[in-house]
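Here's a quick tour to read alongside the picture. Take a look at the chains first, then work through the points below.

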Protein chains: 2
Amino acid sequence: MQSVYVAGVAITKFGKDPRTLSEIFCDAARSALGNAESPEVDAIYIGTMNPEEFTGDSNIASLIADAIGLGGVPAVRIETASSAGAAALMAGFQAIASGYYRRVLVLAGEKMTHLSTSATTRILAEVIDRRDRQCGATMPALAAMITEKYGQKFRLSESRLQNILCQVALKNHANGARNPMAQFQRAITREAYFASKFVATPLRLYDCSPITDGAAGVILTSEKTDVCLAGVGQGTGPLGLQDRDTFTSFAATKIAAARAYRMAETSPQGIDFAEVHDAFTPFEIINSEDLGFFPPGKAGEAVLDGKTALDGKLPINPSGGLKARGHPVGASGLAQVVEVVKRLRGAGVSKREFKRGLTQSIGGLAANNFVTILQRADAPVVQNLWPPNGAPIARPQKVRAAPAREIEEGIIETFTILYVTPDGFLPPLALALIRAPDGRLVMAQGEDETELKIGQEVFLRRVDGVWLFTVKSQLQKVQEAFMKLFQRKAVATAKDNRSGEPK
Amino acid sequence: MQSVYVAGVAITKFGKDPRTLSEIFCDAARSALGNAESPEVDAIYIGTMNPEEFTGDSNIASLIADAIGLGGVPAVRIETASSAGAAALMAGFQAIASGYYRRVLVLAGEKMTHLSTSATTRILAEVIDRRDRQCGATMPALAAMITEKYGQKFRLSESRLQNILCQVALKNHANGARNPMAQFQRAITREAYFASKFVATPLRLYDCSPITDGAAGVILTSEKTDVCLAGVGQGTGPLGLQDRDTFTSFAATKIAAARAYRMAETSPQGIDFAEVHDAFTPFEIINSEDLGFFPPGKAGEAVLDGKTALDGKLPINPSGGLKARGHPVGASGLAQVVEVVKRLRGAGVSKREFKRGLTQSIGGLAANNFVTILQRADAPVVQNLWPPNGAPIARPQKVRAAPAREIEEGIIETFTILYVTPDGFLPPLALALIRAPDGRLVMAQGEDETELKIGQEVFLRRVDGVWLFTVKSQLQKVQEAFMKLFQRKAVATAKDNRSGEPK
């Protein structure tokens, strides 16, 4: 396979950008081309999530090629929801690795800030499972449910969990304050974090990445440069939360990471720093574990201990991450690569040299993830086996879908109270993933706002295709127990009667 | 470069399909996988144009991977407007050619028939230039303007042009009648063609491909099979008609063809049959010329002579083409490949064996085109140089954009009367591409319905960002001539007076 190297990289100032999507793309393209030695490319790979609905731009690949002044040059749009930028990089990588092209321009961008928050939230929510959307679930709602489950699984107290999430936000905003291209240029305080409102319990506003405009550009080439695209990997996972067998780890990341580590002939120990997809602060925690940086349940402690800070052993999101750099959805996966390349080339103040960096990007609710490893020519060989046992990562097994009817009760697997609801749903909106007695899961909307808890028993009913749940009261539970006892007795009596009948 | 071969291929019955987009995709995927020897694949490449707006499906790659039961397997969506299917094939090709993957599933599909014709037309029109859309132009309108210009350039009488277009429609419908997967299963008559209404002069309903649901699937593999993906090529061109230096040929096709012929080490003479993008009958004529099958202006004659018929020297669209097989936009580029592979494998009644077939797919208004060459192991070597002079195909030069104001008159470069207008525009709608005195072009809407002709002089004015034109009457022309004469005299007199002044 032909080795693939990085020439020029560029990124626009993330935030609210008054220019059109096409103009933002052109800016990134021209900077990347200017940054590279030669301005000619064989093809253009464009990552963008949904310009059709965000800005009304269809046929975006032709549009951008034409706008850059590269009409004639082959141009393709690549999309995997919010990891589109990473997907475009991988497509560009394969094009050069094949020898078909020698030099390609990879672009990724999105324009979102011109729309209302509710319009943006609606478009973003289209990437999640239809059944989840029907209940009023949004990306933050599902991320919150994953977080609630993470806390319960690893026995973190509510305050411990909040402290961990707060520390991720503090760290990434502090890093963003040092990045002139980041959307947020100021560090935040612990007080500001805890004063910020809940979007979906336990996630606050400061746990969620912002709405952003921006684009990034990378020139990939077969000619040797100082930075090599050492490893790339992709994996998918179930779309819906109810189809998953685990909520506190993303199968798609593990598959992508195994592939990237194997290709780069390295392991988590060989990574000096990483840019991971912190669209929500808890995702940074989960990603760090899925990437093998920390054992399951231990990444929070690492963050609190400062291990992932800028001067820590393994800096994570030194650029500020999606959280503070901003998250123009389709752009983020490529923006991470730009940030890593810049740092490998010496940008950013740091006590030590970085020789090998990793990026991890998430598409949708972690349904389509990418891992990319970039390294300098002088990166040391760290050839530990990954995953540790050397076994291939198994594909996630899809959990049997719940039937349309027949479930009448279940237990709360995880939940959230959503305060920023989509159009047509009034806040606060209780949402819970309910496990039926036969093990299957359904997403349901709460009929009241009683205090929810993982493990609580609920009644379920289905109205207009949406599952509704009500928490069983203490009295109802006692009544049920009596009813069961009574029924068992009645059955036993009936049996006794039958056995007494003449044969 | 690793050679890439075709294993299984599949196509759904095109037409009105009651199933969801996901179900249609799954059908194509399962058939392709069942058709191949081994059901496992390393990755999935999905071509689709606009499921976001056609069916409300975002994150389609993850959705389809999940729905097929291939959760975990990397899946990417590729888009280049209506050539998305061909783009997905090319991405899959590069992935295997690189050695990164060994076996991939390429899928392409679209679901459109559930929407109203006006909604579908609106979504389809989003792929064209914004300035053209503002005037009320649609894809058929622009295709019609290209056709009008083609007739004028090659001095075809109105009836000769209509006969050529009619013959393309007759041929492709006759071919479709033999294809059980085609949307239209009946041949049409010359009378039916001429009785069909004008959509946009000179194009009738029978000149336009239908609205269709459908999907296709192709397994690509590094393991040798009976059919090899011998050549692939892509090119882009200007989005807007007003940015082009030629209208009767598509630069994007020429670039793509040169690349594909070179890679396959063949030329037009080496092609036994072709599936080309006949979204409109005149496009089959133009494509045949751009691909080098016939000299410019001569493809019409070839069609009338039966050279491209099923039993002709070079059958074109033996499957029925987009015209009769149907045109689920994102699917068509891959459906063509499926049809070619089937025929190479002996499907379809034919007197002779086909050993090398070509497909050509158009994205948008021929702004993003692909050429793919497929051949059997026993295909003879035909190594003529292509293009004939061996020179690389030059990138199209973008014509200088017209300024927002200051043009007051011009000459009709080409025009159409549109009878099926987008929402907000009343039929009949006169549209014309006007060439300003300085050579620049603008798209304009006619203020009246006078008889239009290429070369006619018009007045131009701009209202609310849209150019409007009125044909100059004979009287106005005489008045203008007098005015000019008078002004010249006045200037001359003024000069005489000035020169008579004391220095």
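Two strands count as paired when DSSP finds at least two bridges between them. Keep that in mind, since pairing turns up both between the chains and inside one of them. One caution before we start: this is a predicted model.

**Where the two chains meet**

- Chain B puts 49 residues in contact with 49 residues of chain A.
- On chain B's side, the elements that each give two or more residues are α2 (51-54), α3 (60-68), β3 (75-79), α4 (84-97), β8 (227-236) and α10 (251-264).
- What sort of residues make up the side of chain B that touches chain A? They divide into 22 nonpolar, 19 polar and eight charged.
- Strand β3 (residues 75-79) of chain A is joined to β3(B) by three bridges, and the two strands run antiparallel.
- If you want to find that pairing on screen, look for A:R77, whose bridge partner in β3(B) is B:E79.

**Chain A as a whole**

- Chain A has 15 helices and 16 strands.
- Its C-alpha atoms fill a box of roughly 95 × 55 × 50 Å along the principal axes.
- Why does a radius of gyration of 25 Å agree with a compact globule? Because a compact globule of 503 residues would come out near 23 Å, and the 25 Å of chain A agrees with that.
- Of the 503 residues in chain A, 58% are buried.
- Looking at contacts in chain A with a separation of 6 or more, 75% are between residues 24 or more positions apart.

**A helix to pick out: α7 of chain A**

- Helix α7 (residues 139-153) of chain A has 15 residues and reaches 21 Å from its first C-alpha to its last, close to the 21 Å expected at 1.5 Å a residue.
- Is α7(A) mostly covered or mostly open? It's mostly covered, with 13 of its 15 residues buried.
- After α7(A) comes A:R155, which has a positive phi, near 50 degrees.

**A strand to pick out: β12 of chain B**

- Strand β12 (residues 409-418) of chain B is mostly covered too, as eight of its 10 residues are buried.
- Seven bridges link β12(B) to strand β13 (residues 429-435) of chain B, and these strands run antiparallel. Within this pair, B:I417 sits opposite B:A430 of β13(B).
- β12(B) also pairs with strand β15 (residues 457-463) of chain B, again in the antiparallel sense, over three bridges. Here B:G410 is opposite B:V458 of β15(B).

Methods
Residues are numbered from 1 along each chain as its sequence is written. Chains are lettered from A and ligands numbered from 1 in the order in which they are written. This is a predicted model: local features need pLDDT of at least 70, side-chain atom pairs count only at pLDDT 80 or more; totals for chains, interfaces and linings use all residues. Two residues are in contact if their C-beta atoms, placed from the backbone, lie within 7 Å. Helices (H or I, at least four residues) and strands (E, at least two) are DSSP runs, numbered from the N terminus. Ala, Val, Leu, Ile, Met, Phe, Trp, Tyr, Cys and Pro count as nonpolar, Asp, Glu, Lys and Arg as charged, and the others, Gly among them, as polar. The expected span of a helix is 1.5 Å times one less than its number of residues. A residue is buried if 20 or more other C-beta atoms lie within 10 Å of its own, exposed if 12 or fewer, and partly exposed in between; C-beta atoms are placed from the backbone. The radius of gyration is taken over C-alpha atoms; the globule rule is 2.2 Å times the number of residues to the power 0.38.
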